[in-house]
Amino acid sequence: MLRFGGDYNPEQWPEEVWAEDMRLMAEAGVNMATIAVFSWSRLEPAEGAHDFGWLDRVMDLLHAHGIDADLATATATPPPWLVRRHPEMMPVNADGVRLEFGSRQGYCPSSPVYRAHAVRLARTIALRYREHPALKMWHIGNEYADHTLECFCDVSAAHFRAWLEHRYTTVDGLNAAWGTSCWGQHYTGFDQVEPPRTAPGPVNPSQLLDWRRFCSDALLELFEAEKAALREVTPGLPVTTNFMSILHGLDYWKWSAAEDLVTDDAYPDPADPSSHVAIALSYDLMRSLKRQPWLLLESAPSAVSWRAVNAPKPPGMMLLHSLQALAHGSDGVMFFQWRQARYGPEKFHSALLPHGGTDTRTWRETLQLGQALTALAEVAGSYEQAEVALVLDWDSWWGLEAPESMPSDRLKLKELLLDWYAPLHARGIGVDLVPPGRDLTGYRLVIAPNLYLCTQETATWLSTAPGQVVVGPFSGVVDPADQVHQGGAPGPLRELLGVTVEEFWPLHDEVRQETGLGAARTWTEWLRLHDAEPVALYQGGELDGRPAVTRRGRATYVGCRLDDTTPLLLDLLVRAGVEPMELPQGVEAVRRAGYLFLLNHTAIPQRLALTSSGTDLLTRTPMHGHAELPPRGAVVLRVEGNQ
Ligand SMILES: [Zn+2]
């Protein structure tokens with residue numbers, strides 16, 4: 001079964017509306033609702049005084065209509081009574097300003113008061129609904145780090161110090177790692193260490209890197225604390241929290257290991273004609289996190305409400321984008337939210353059931369989507385490994401994008417990932433994301449767009465890749481403490497790649513440096529080869545005649561940011577034995593085990609040749625030879641021979 005439904009906030013509506021909600025959910029084929037995400041102040045209006053009556057009735061109604069509950073622990077917004085009694089639990093920003101109640105995620109991640117109350121509430125909810133037949137999944141918190149990633153209060157400072165003591169044992173260990181001999185920062189006790197609050201100038205980058213690690217870990221501790229309470233009461237029920245696509249603040253490799261099921265919230269901009277590419281990358285990450293199907297837990301039926309200009313999805317896009325999530329491994333499509341709000345910051349955010357009611361385009365597309373998901377039910381659970389892997393490492397990301405101390409602030413990890421991902425995606429080539437250390441068996445091509453932070457262990461791991469390996473620029477620069485590898489980049493990767501970077505040569509935005517494999521922008525390097533062949537040489541400019549791209553055996557080093565990686569990539573695909581597909585621009589082809597999804601993201605009809613034949617699950621018609629795709633249309637082929 002594929003999941004279909006969305007966030008349901010019945011506490012925002014009089015109970016007489018609920019009956020209509022149930023009738024319409026049944027009509028649309030909704031089979032799951034996420035409930036009680038922000039319900040703490042309604043479930044516990046005063047300390048220890050609970051009002052579960054309304055939620056009991058909602059759970060019963062859902063069950064009576066065959067709808068499962070993704071039940072939240074309701075801890076995403078602590079109630080006013082708790083905040084007023086413990087004002088110290090509100091987060092403090094880097095400038096020392098304590099933030100006010102009135103939005104959401106109003107808690108310091110390290111607050112023992114918040115944690116104790118959150119765990120208590122999670123346990124209370126678990127005890128009440130443990131036997132309820134509607135309960136199928138636990139939903140902890142909501143979009144961790146969306147608003148509150150970090151807090152600079154004294155409680156957080158103490159938590160940070162404890163985290164540092166655990167990491168370094170002694171203050172001299174910390175001094176050595178942080179390089180505190182620079183700018184006179186030598187500490188003589190952990191009690192002198194503070195979070196990286198706003199300072200007169202640039203803050204120690206090693207301190208910042210540890211702070212990023214700590215902030216991800218501190219929120220994960222919160223998640224784990226609630227999870228432990230749920231596990232005690234309902235050991236068999238899956239636990240999740242909704243991720244936010246590719247998010248800088250949280251190390252999702254670590255986080256997903258603590259979850260039973262990866263779920264994600266995704267909001268590609270309908271007005272951006274390339275947004276389907278970036279979101280495909282993020283979906284591929286979700287599938288790769290646990291190497292299993294995941295679930296799109298939030299998406300928008302049409303417009304969102306938080307961009308400067310919120311474009312709606314034109315007709316057909318809700319279905320098309322839903323099919324795209326399925327193609328990349330989601331076992332369903334859920335939305336924010338079921339019924340469009342009449343008040344609050346999200347009152348203009350679209351919903352499956354809009355302000356206009358059922359005589360609307362959105363509602364008709366909701367019904368159409370429900371039918372499509374029923375037709376595609378057999379896709380649920382299918383999974384296969386891709387042939388190409390992209391390396392993504394949060395430590396490197398955090399180090400790379402540290403403010404104010406880099407050769408250039410123009411290298412952004414998401415862009416570097418997309419430099420490689422977009423041309424692969426355009427050729428229908430499946431891509432997995434991998435963390436350093438993951439088993440690389442079966443991958444014909446492994447691309448590390450950037451490994452700014454690289455250990456000997458990671459370098460050794462990369463050299464075990466069975467096929468072609470590509471390493472992007474500014475890699476192997478520092479160790480886990482953000483200290484520069486001596487002898488020059490790529491540090492521990494020097495043996496694999498056979499090159500040494502003598503000097504980083506960043507470029508101003510308007511500069512293009514020809515390489516023979518297309519222009520480089522943003523970044524170039526002065527390379528010295530000792531055991532590698534040049535693949536491309538710079539032409540003109542200060543680096544004229546020097547190598548831009550090099551190869552040693554199966555390992556390619558790209559010492560620049562190529563404007564377009566396609567020419568190099570096509571050669572690598574041949575070497576790797578990966579077969580690209582011929583696709584019209586804007587048409588996406590995705591294999592999911594025995595299914596082939598063909599998605600037309602353009603507003604014009606498209607026709608493409610098919611090398612495999614099968615049955616289109618959406619129309620139940622056999623297809624061979626070619627496929628016709630209407631504007632924003634799709635085909636989901638069960639490839640012959642499957643089943
Ligand atoms: Zn704090």
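Is Phe160 buried or exposed? Phe160 is buried, with a relative accessible area of 0% (buried means under 20%, exposed over 50% and partly exposed in between, with a 1.4 Å probe and protein chains only).

## Basis of the report

The model is predicted: local features need pLDDT of at least 70, side-chain atom pairs count only at pLDDT 80 or more, and totals for chains, interfaces and linings use all residues. Residues are numbered from 1 along each chain as its sequence is written, and side-chain values use heavy atoms, with hydrogens and water left out.

## Aromatic pairs

A search of the whole structure finds 26 aromatic pairs. Rings of Phe, Tyr and Trp (its six-membered ring) pair if their centres lie within 6.5 Å; planes under 30 degrees apart count as stacked, over 60 as edge-to-face and the rest as tilted.

The ring centres of Phe160 and Trp211 are 5.0 Å apart and the planes stand at 85°, so this pair is edge-to-face. It links distant parts of the chain, as Phe160 belongs to helix H6 (residues 154–168) and Trp211 to helix H8 (residues 205–233), 51 residues apart. Helices (H or I, at least four residues) are DSSP runs, numbered from the N terminus. Trp211 is buried at 1% relative accessibility. Both Phe160 and Trp211 belong to one aromatic cluster, together with Phe152, Trp163, Trp178, Tyr187 and Phe214.

## Charges over a ring

Trp13 has the charged end of Arg339 over its ring, 5.3 Å from the centre. Arg342 also lies over the face of Trp13, at 4.8 Å from the ring centre. A charge sits over a ring if NZ of Lys or CZ of Arg is within 6 Å of the ring centre and within 35 degrees of the ring normal.

Key: Helices (H or I, at least four residues) and strands (E, at least two) are DSSP runs, numbered from the N terminus.
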